[in-house]
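Welcome! Please take a look at the sequence and the 3D view below, and then we can walk through a few features together.

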Amino acid sequence: MPPVGVLRLRSGYSRGMRWLNKHPSSIRSAPGLEWAVWRRLPTIFLVGTALPLLAAGLSWWASDDLAAGGRDPGALRFEFVMIGIVILHWTLVLTVAIGCAIVLLMKGPTYTADSYPMPDADEPLP
């Protein structure tokens, strides 16, 4: 009898149970637009981040300080809008990446969990 809290593995599993097993008759679907988008995402992420931040940096560098130590409100508003555009861009890229990952997983081979024989498979209980 194993100690309390230790699971007994079925015979045939020497290294433990695998999480998912490939179904023997499964096939992969043909790759589509998701792979093209997936490969371009790092470039889209970097360019979409660098351009607004570059514009905000140029605005900050070019704006004059006011007499009281403040900044030009129009330039400050532009910089905040550029930061907001960067954050929006990050969320959009993340959303597209999640969508691509879901499509990639759905087009992949079929996986099945371990079968669990029902004790009443021949005659269901009333």
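Helices here are DSSP runs of H or I with at least four residues, numbered from the N terminus. The model is predicted: local features need pLDDT of at least 70, side-chain atom pairs count only at pLDDT 80 or more, and totals for chains, interfaces and linings use all residues. Residues are numbered from 1 along each chain as its sequence is written, and side-chain values use heavy atoms, leaving out hydrogens and water.

Helix α2 gives the most to the patch, with five residues.

## How the helices pack

The axes of α1 and α2 are 9 Å apart, at an angle of about 175°. The two helices are therefore roughly antiparallel to each other (an angle over 145 degrees).

## One salt bridge

How many salt bridges does the structure hold? There is one, in which the side chains of Lys107 and Glu34 meet (3.4 Å, N to O). The term asks for a side-chain nitrogen of Lys or Arg within 4 Å of a carboxyl oxygen of Asp or Glu. Lys107 lies in α2 and Glu34 in α1, so the pair ties together parts that are 73 residues apart in sequence.

Conventions: Axes are lines fitted to C-alpha atoms, for helices over the stretch in contact, and angles run from 0 to 180 degrees between N-to-C directions. Angles under 35 degrees count as roughly parallel, over 145 as roughly antiparallel, 65 to 115 as roughly perpendicular and the rest as oblique.
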